[in-house]
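I wanted the overall build before any single residue.

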Amino acid sequence: YEAAAVGRPIVTADTPAMREMFADGEELVLCEAEGRALADAVARLALDDDLRSRLGEAARRRMREAFSREALGRFWSVALEGPTAFDR
């Protein structure tokens, strides 16, 4: 999350938890949890400046959308007050 928040491109294992938060190829690169897949993904990013930039900015934007004070405020309003919190 820290790398995403500062706009760095990310390569990580393809897990349900990562897919719940991020979109593969749009905000980060997901790969199989094995050495060759990781090496290929890192090489792909190393060779593509535009991809690194695009993924880093998209990851940063996703973190702002999900974890800004406003986003967390909406989440906690619903959690504490129920669905009518959105009616304001």
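I took accessible areas from the Shrake-Rupley method with a 1.4 Å probe; for residues, only the protein chains shown count as cover. On that basis the protein chain exposes about 6,200 Å² of surface. Carbon and sulfur atoms own 53% of that surface.

I noted the ground rules next. This is a predicted model, where local features need pLDDT of at least 70, side-chain atom pairs count only at pLDDT 80 or more, and totals for chains, interfaces and linings use all residues. Residues are numbered from 1 along each chain as its sequence is written, and side-chain values use heavy atoms, with hydrogens and water left out.

**Confidence.** I looked up pLDDT, the predictor's confidence in each residue, from 0 to 100. The mean for the protein chain is 91, and 94% of its residues reach 70 or more. Strand β2 (residues 29-31) has the highest confidence, at 97. Helix α5 (residues 69-81) has the lowest, at a mean of 80. Where pLDDT is low, predicted coordinates should not be read in detail.

**Fold.** I counted five helices and two strands. These are DSSP runs numbered from the N terminus: helices are H or I with at least four residues, strands E with at least two. Their order along the sequence is α-β-α-β-α-α-α. The radius of gyration is 16 Å, well over the 12 Å that the globule rule gives for 88 residues, so the protein chain is more spread out than a compact globule. I used C-alpha atoms for that radius; the rule is 2.2 Å times the number of residues to the power 0.38. Along the principal axes, the C-alpha atoms fill a box of roughly 50 × 25 × 15 Å.

**Burial.** I found 25% of the 88 residues buried. Buried means under 20% relative accessible area, exposed over 50%, and partly exposed in between (1.4 Å probe, protein chains only).

**R44.** I located R44 in helix α3 (residues 35-46). It counts as partly exposed, at 46% relative accessibility. Leaving out residues up to four places away in sequence, R44 touches V29 and L51. Contact here means heavy atoms within 4.5 Å. R44 and R62 sit 18 residues apart in sequence and 22 Å apart, C-alpha to C-alpha.

**D14.** I placed D14 in the loop between β1 (11-13) and α2 (16-21). D14 is partly exposed too, with a relative accessible area of 36%. With residues up to four places away in sequence not counted, D14 touches R19, L30 and C31.
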